[in-house]
Amino acid sequence: MTGRLGVLDSMTWYRASISDIPKFAPLGGDIDVDVAVIGAGFTGLSAAIDLARGGKEVVVLEGGPVGWGASGRTGGQICTGYSPGMEKFIRVLGQEGAQQAFDIAEEAKRLIVERSETYGFDCDIRWGYLICANKPSQMPHLEEYLQELESFGYTGCRLIPKEQLEAEYLGTTVYHGASFDPGAGHLHPLKYVLGLAQAAEKEGAFVHEHTPVEHFEDGTVITLHTSRGRVRCRQLVLATNAYIDGLHPPIARRIMPVASYIIATEPLGEERARELIRHDEAVADANFVVDYFRLSSDHRLLFGGRCSYSGWHPKDLAGYMRPRMLRVFPQLEDVQIDFAWGGHIGITYNRLPDAGITGRHGNIRHAQGYSGQGVALAGMMGRLIAGDILGTDDRFELFTRIPHMPFPGGILARPAHTLGMLYYRLKDLIG
Ligand SMILES: Cc1cc2nc3c(=O)[nH]c(=O)nc-3n(C[C@H](O)[C@H](O)[C@H](O)COP(=O)(O)OP(=O)(O)OC[C@H]3O[C@@H](n4cnc5c(N)ncnc54)[C@H](O)[C@@H]3O)c2cc1C
């Protein structure tokens with residue numbers, strides 16, 4: 001499974017920055033458990049922690065190493081709310097349901113801190129988040145965005161005019177102002193996902209990496225087949241997100257895997273790094289196709305963005321991304337790019353998360369399609385899945401009420417969607 005993504009699967013700065021990555025043994029034969037979880041990312045591991053804590057016998061099966069999917073290669077930005085904003089939630093769930101969904105997204109941020117404190121792992125959490133306007137016409141949108149947050153009871157954010165942004169926050173003149181959110185931020189995602197895996201084991205779950213599930217048979221007892229053994233379980237959690245491939249076509253059709261790329265510069269030294277982002281915030285721009293960046297703990301700039309809806313990837317990711325970075329920070333012309341990688345984001349048609357209960361016996365749950373905002377949400381959805389299985393929390397049901405349009409015809413319909421996305425990209429450039 002590893003290497004399947006070719007150029008996207010290059011060494012990440014995250015992996016290179018940890019000297020003692022823990023190993024989790026592959027499955028060693030046939031087993032019976034209460035719950036099997038496929039996918040060791042934020043969703044699956046978070047579900048496993050709470051399920052094991054709730055007394056279930058749980059196994060997590062991961063095709064690559066733990067965190068091999070989006071969770072171990074993401075931009076690591078901890079965002080507030082949901083990627084399309086709250087209006088769509090109001091439309092599909094009503095005001096009360098939307099408020100509940102917003103509160104869950106807030107709890108998602110607190111859950112990261114709770115996990116790291118409960119299980120004693122550090123994942124370099126930093127608070128503070130800027131969304132920058134690429135053109136003056138985006139400032140009113142940012143203002144509306146902050147008003148929307150306030151209407152959901154989220155206060156403390158403010159608008160920052162261009163002059164102040166340049167004088168006090170960022171070492172660039174390309175933006176026309178920003179919004180500042182003190183309650184969002186960034187983290188080291190691989191440290192976080194590995195911390196979750198160790199926490200799941202502490203709670204008694206089995207975590208097996210390098211164990212791809214080839215297929216499974218539905219039933220009151222579900223049987224998962226891997227080359228290393230079979231797993232029989234009464235409940236199955238699909239936490240595979242954009243890496244689901246052919247494992248479950250109806251669920252796979254509800255999301256579109258979109259590639260995003262990240263580069264990491266050589267270490268810049270603290271002083272030079274702080275000239276770029278003075279207070280260590282996470283930064284994103286306000287475009288539909290977002291540029292996002294932040295500093296690493298060893299004072300590199302991690303700069304992400306672009307995206308591919310088509311499955312085509314540039315051979316030279318660093319060369320492809322570097323001009324984007326230089327557009328924002330031309331002063332980095334002399335700086336070397338040490339790492340470049342990519343990964344797949346799971347996007348739904350309406351960009352609202354997709355969660356559901358399927359299977360002939362209603363014993364297969366999934367959560368996916370966080371549409372670029374899963375760093376906090378995925379862990380929370382794992383918690384809600386666990387609560388649903390344990391019967392201790394009924395909030396998973398809220399997300400199962402959100403209707404999702406499958407990408408019709410699967411892969412064949414995707415060129416049409418790619419054209420749709422090109423439209424938004426043009427809008428970013430012109431409008
Ligand atoms: C480049 C990039 C940047 C991003 N930036 C941000 C950001 O800044 N902020 C933000 O909030 N979100 C961001 N995201 C999105 C976020 O990372 C994801 O929403 C989140 O990590 C999803 O977690 P997950 O556990 O659901 O899925 P994943 O982490 O993708 O885990 C799914 C796992 O399932 C495994 N799997 C799949 N099929 C099988 C099988 N058959 N057998 C066994 N295992 C299998 C995969 O190997 C994979 O490890 C980014 C994503 C990418 C790719």
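Start with the largest nonpolar core, which has 85 residues; Leu45, Val66, Tyr82, Phe89 and Phe399 have the most contacts inside it. A nonpolar core here is a set of buried Ala, Val, Leu, Ile, Met, Phe, Trp, Tyr and Cys residues joined through side-chain atoms within 4.5 Å. Buried stands for under 20% relative accessible area, exposed for over 50%, and partly exposed for what lies in between (1.4 Å probe, protein chains only). The model is predicted: local features need pLDDT of at least 70 and side-chain atom pairs count only at pLDDT 80 or more, while totals for chains, interfaces and linings use all residues. Residues are numbered from 1 along each chain as its sequence is written, and side-chain values use heavy atoms, with hydrogens and water left out.

**The cores**

Helices (H or I, at least four residues) and strands (E, at least two) are DSSP runs, numbered from the N terminus. Next, pick Tyr82 and show its contacts (heavy atoms within 4.5 Å). Leaving aside residues up to four places away in sequence, Tyr82 touches Phe89, Ala101, Phe102, Ile104, Ala105, Pro353, Gln373, Leu377 and Phe399. Then move to a second, separate core of 33 residues, which includes Leu301, Met321, Leu326 and Val335.

**Helix H9**

Select residues 317–328, helix H9. Its 12 residues reach 18 Å from first C-alpha to last, close to the 16 Å expected at 1.5 Å a residue; the expected span is 1.5 Å times one less than the number of residues. Colour Leu317, Ala318, Met321, Met325, Leu326 and Val328, which are buried. Seen down the axis of H9, these buried residues fall within an arc of 145 degrees, so they line one face of the helix. The arc is taken from the directions from the helix axis to the C-beta atoms. Against the buried residues of H9 pack strands S11 (256–265), S13 (292–295), S14 (301–308) and S15 (337–347).

**Strand S10 and its partners**

Go to strand S10, residues 229–238, which pairs in the parallel sense with strand S1, residues 31–38, over seven bridges. Strands count as paired if DSSP finds at least two bridges between them. Asp32 stands opposite Arg232 in S10, and Arg232 is also the bridge partner of Thr223. S10 runs antiparallel to strand S9 (residues 222–226), joined to it by five bridges, and S9 and S10 form a hairpin with two residues between them. Strand S17, residues 364–368, runs parallel to S10 with three bridges; there, Arg365 is the bridge partner of Val237.

Asp124, in the loop between H3 and strand S4 (126–132), has a positive phi of about 55 degrees although it is not a glycine. Asp124 is buried too, with a relative accessible area of 11%. Most residues other than glycine have a negative phi.

Finish on helix H10, residues 374–390, whose 17 residues reach 23 Å, close to the 24 Å expected. H10 is mostly covered, with 16 of its 17 residues buried. Just after H10, Gly391 takes a positive phi of about 75 degrees.
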